[in-house]
Amino acid sequence: MRIKLRDFDASAYLDNDEIVAEYLTAALEDGNPDVFLAAVGNVAKARGMSAIAESSGLGRESLYKAFAPGAEPRYDTVLKVLQSLGVKLNVTA
């Protein structure tokens, strides 16, 4: 008997604002910037990369590259995507 497994795709489960907020908060708490960047990429994918590209003024292919594993996107790219997603980051002490 052969079992076929699919890759896990977090973007399939990011279907409302509350879940997105919890997901991004958990990714920030990890401390590894790659985890947060991957999470932002997953949220962008869930919302539609083409729509995010259009609203942020960035190219769709550029977004896929910016949030690919090991990529180091510019800070302004991350901010534009977060703004397009309607996400605000808060700092507390």
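**Figure 1. Helix α3 passes helix α5 in a right-handed crossing.** This is a predicted model. Helix α3 covers residues 49-56. Helix α5 covers residues 75-85. The axes of α3 and α5 come within 9 Å and cross at roughly 110°. Angles from 65 to 115 degrees count as roughly perpendicular. The two helices, α3 and α5, are therefore roughly perpendicular to each other. On the α3 side, the meeting residues are Ile-52, Ser-55 and Ser-56. On the α5 side, they are Lys-80, Val-81, Ser-84 and Leu-85. Sorted by class, the contact of α3 with α5 has three nonpolar, three polar and one charged residues.

**Figure 2. The chain as a whole has five helices and zero strands.** Along the sequence, the pattern reads α-α-α-α-α. The C-alpha trace spans about 50 × 35 × 25 Å along its principal axes. The chain has 93 residues, and buried residues make up 31% of them. Take the contacts between residues at least 6 apart in sequence: 49% of these join residues at least 24 apart.

**Figure 3. Helices α1 and α2 pack at an angle of about 160°.** Helix α1 runs through residues 17-29, and helix α2 through residues 33-47. Their axes are 8 Å apart. An angle over 145 degrees counts as roughly antiparallel. That is why α1 and α2 are described as roughly antiparallel to each other. Their crossing is right-handed. From α1, the contact uses Asp-17, Val-20, Tyr-23, Leu-24, Ala-27 and Leu-28. From α2, it uses Val-35, Phe-36, Ala-39, Val-40, Asn-42, Val-43 and Arg-47. Ten of the contact residues are nonpolar, one is polar and two are charged.

**Figure 4. Ala-39 sits in helix α2.** Is Ala-39 buried or exposed? Its relative accessible area is 2%, so Ala-39 is buried. The cut-off for buried is under 20%. Leave out residues up to four places away in sequence, and Ala-39 touches Tyr-23, Leu-24 and Ala-27. Now look from Ala-39 to Ala-71. They are 32 residues apart along the chain. Their C-alpha atoms are separated by 13 Å.

**Figure 5. Helices α2 and α3 pack with their axes 6 Å apart.** The angle between α2 and α3 is about 100°. That makes α2 roughly perpendicular to α3. Which residues of α2 meet α3? They are Gly-41, Ala-44, Lys-45 and Arg-47. Their partners in α3 are Met-49, Ala-51 and Ile-52. The contact of α2 with α3 has four nonpolar, one polar and two charged residues by class.

**Figure 6. The structure holds one aromatic pair.** The pair is made of Phe-8 and Tyr-13. How far apart are the centres of the two rings? They are 5.6 Å apart. The ring planes stand at 10°. Planes under 30 degrees apart count as stacked, so the pair of Phe-8 and Tyr-13 is stacked. Phe-8 has a relative accessible area of 65%, so Phe-8 is exposed. Tyr-13 is at 54% relative accessibility, so Tyr-13 counts as exposed too. The cut-off for exposed is over 50%.

**Figure 7. Thr-77 lies in helix α5.** The relative accessible area of Thr-77 is 15%, and Thr-77 is therefore buried. Which residues is Thr-77 in contact with, leaving aside its neighbours within four places in sequence? They are Leu-58 and Ala-66. Ala-66 falls within helix α4, which covers residues 60-66.

**Figure 8. Lys-65 is found in helix α4.** Lys-65 is at 63% relative accessibility, so Lys-65 counts as exposed. In sequence, Lys-65 and Asp-30 are 35 residues apart. In space, Lys-65 and Asp-30 are 22 Å apart, C-alpha to C-alpha.

Terms used:
Residues are numbered from 1 along each chain as its sequence is written. This is a predicted model: local features need pLDDT of at least 70, side-chain atom pairs count only at pLDDT 80 or more; totals for chains, interfaces and linings use all residues. Side-chain values use heavy atoms; hydrogens and water are left out. Axes are lines fitted to C-alpha atoms, for helices over the stretch in contact, and angles run from 0 to 180 degrees between N-to-C directions. Helices (H or I, at least four residues) and strands (E, at least two) are DSSP runs, numbered from the N terminus. Angles under 35 degrees count as roughly parallel, over 145 as roughly antiparallel, 65 to 115 as roughly perpendicular and the rest as oblique. A crossing is left-handed if the near helix is turned anticlockwise from the far one by less than a right angle, and right-handed if clockwise. Contact means heavy atoms within 4.5 Å. Ala, Val, Leu, Ile, Met, Phe, Trp, Tyr, Cys and Pro count as nonpolar, Asp, Glu, Lys and Arg as charged, and the others, Gly among them, as polar. Rings of Phe, Tyr and Trp (its six-membered ring) pair if their centres lie within 6.5 Å; planes under 30 degrees apart count as stacked, over 60 as edge-to-face and the rest as tilted. Buried means under 20% relative accessible area, exposed over 50%, partly exposed in between (1.4 Å probe, protein chains only).
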